[in-house]
Amino acid sequence: MPMLEGKIDHVIGVDTHRDSHATAILDPNGGLVAELEVPSDQAGYEELLRFAAHWAPGRRCWALEGTGCYGAGLTSFLLDQGEWVTEIDRPKRTGRTQAKSDALDAIRAGREALSREHLACPRQRGQREALRVLTLTRSGAVKVAADARRHLKALLVTAPEPVRAGLRGGTWLRQARACAALTAQPSDPVEYRATVRALRATAARALAAHQEAKQLGKELGTLARAVAPALLAQRGVGPVTAAQVLISWSHPGRLRSEAAFAMLAGAAPIEASSGRVVRHRLNRGGDRQLNRALHTIVMIRERYHEPTKRYVARRIAEGKSEREIRRCLKRTVARQLFRLLARTTAPAG
């Protein structure tokens with residue numbers, strides 16, 4: 001969205017917290033008109049809207065911090081009421097004192113919105129939020145499964161020989177299932193009984209987390225296919241990577257161009273030239289989960305996509321390093337995915 005100059009009569013900055021929201025109404029020049037703090041619940045949202053209608057009639061814009069966290073409820077409420085809402089990162093504190101309070105942060109949020117050349121739309125909820133919570137839960141299950149597998153391997157290294165004898169070799173899944181079926185008799189030595197108990201518990205945890213992650217992956221695929229079927233048809237794009245791309249992209253119109261999408265993904269080139277050397281380096285900023293999804297797509301294409309394999313061979317012959325080639329490929333994939341989503345996804349209702 002373009003900057004607010006000439007488009008609003010008031011801007012309303014909101015500093016969001018778990019229990020309360022601090023609000024400051026500003027005029028188009030950034031002057032303070034009125035302030036209010038309300039509880040972060042439905043009654044507080046309604047009170048805040050009445051307050052804005054009284055002190056900020058006409059064209060107004062809400063500048064909220066934390067639209068995807070503590071401000072999510074207020075953001076949904078305001079959008080349902082037809083209000084204009086923009087997303088603001090935490091503004092920088094200025095001045096010698098670096099003063100800090102909720103009221104001051106609300107004023108800073110409003111003034112930050114007035115000064116920005118481009119404003120960000122809050123991320124969409126609905127299907128996008130469903131993808132986000134499923135992805136987050138799957139990520140937790142994958143971490144639990146990985147920790148349990150490492151724990152299981154460590155237990156097997158020091159387990160009594162009768163236990164280890166039947167568990168050598170094979171995949172971790174086979175070992176986990178075998179460990180889950182172990183039994184011990186009361187007459188067995190205490191070390192043996194304790195080891196079997198530990199192996200059974202750890203194997204059960206690993207298997208349960210693995211099954212949970214697998215099931216959540218299937219649900220992600222079903223939901224991503226319903227939102228953007230063309231995305232999953234792209235080479236190297238699976239259910240998990242498709243879900244992450246949709247989560248970061250959110251909806252048509254949120255990002256003004258494919259260059260902005262690439263910058264969000266940390267795939268935009270960063271100048272690193274000096275003297276006669278002209279080069280670019282990796283961008284280590286942006287949404288690292290989206291960058292990871294692009295990296296996964298590139299790695300798969302490098303192995304199984306013939307045009308990508310030919311491109312890599314040509315750039316290697318030109319003297320480019322693997323890291324530079326992957327940077328270029330990530331930028332290309334970001335462009336392709338943005339254009340695909342902009343062309344095939346319906347605008348937000």
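This is a predicted model: local features need pLDDT of at least 70, side-chain atom pairs count only at pLDDT 80 or more; totals for chains, interfaces and linings use all residues.
Me: OK, what volume does the second largest pocket have?

Reply: About 510 Å³.

Me: Which elements supply at least two residues of its lining?

Reply: Helix H2 (72–80), strand E5 (85–88) and H4 each do. The largest share comes from H2, with 5 residues.

Me: And how do the residues of that lining divide into nonpolar, polar and charged?

Reply: There are 8 nonpolar, 7 polar and 9 charged residues in the lining of the second largest pocket.

Me: Now the largest pocket. What's its volume?

Reply: The largest pocket has a volume of about 690 Å³.

Me: How many residues line it, and which lie nearest its centre?

Reply: The lining of the largest pocket has 23 residues. Nearest the centre are Thr-135, Ser-139, Gln-244, Gln-289 and Arg-292.

Me: Which elements give two or more residues there?

Reply: Helix H4 (127–157), helix H9 (239–249) and helix H11 (288–304). H4 gives the most, with 8 residues.

Me: What about the classes in the lining of the largest pocket?

Reply: 7 residues are nonpolar, 9 are polar and 7 are charged.

Me: Switching topic. Where is Thr-16 found?

Reply: In strand E1, which covers residues 10–16.

Me: Does Thr-16 count as buried or exposed, and why?

Reply: Thr-16 counts as buried because its relative accessibility is 8%, and the cut-off for buried is under 20%.

Me: What does its side chain reach?

Reply: The side chain of Thr-16 reaches the backbone oxygen of Glu-65, at 2.7 Å.

Me: Leaving out residues up to four places away in sequence, which ones does Thr-16 touch?

Reply: Glu-65 is on that list too, along with His-21, Gly-66, Tyr-70 and Gly-71.

Me: Last one, Trp-172. Where is its place?

Reply: Trp-172 sits in helix H6, residues 172–180.

Me: What is the relative accessible area of Trp-172?

Reply: It is 22%, so Trp-172 is partly exposed.

Notes
Residues are numbered from 1 along each chain as its sequence is written. Side-chain values use heavy atoms; hydrogens and water are left out. On a 1 Å grid over the protein atoms alone, a cavity is a set of points where a 1.4 Å probe fits but cannot get out, and a pocket is an open set with protein on both sides within 12 Å along at least five of seven lines; lining residues have an atom within 4 Å of a point. Grid points are joined across faces, edges and corners, and a volume is the space filled by probe spheres set on the points. Helices (H or I, at least four residues) and strands (E, at least two) are DSSP runs, numbered from the N terminus. Ala, Val, Leu, Ile, Met, Phe, Trp, Tyr, Cys and Pro count as nonpolar, Asp, Glu, Lys and Arg as charged, and the others, Gly among them, as polar. Buried means under 20% relative accessible area, exposed over 50%, partly exposed in between (1.4 Å probe, protein chains only). A polar contact is a pair of N or O atoms within 3.5 Å; within protein, one must be able to donate a hydrogen and the other to accept it, and residues adjacent in sequence count only if both atoms are side-chain atoms. Contact means heavy atoms within 4.5 Å.
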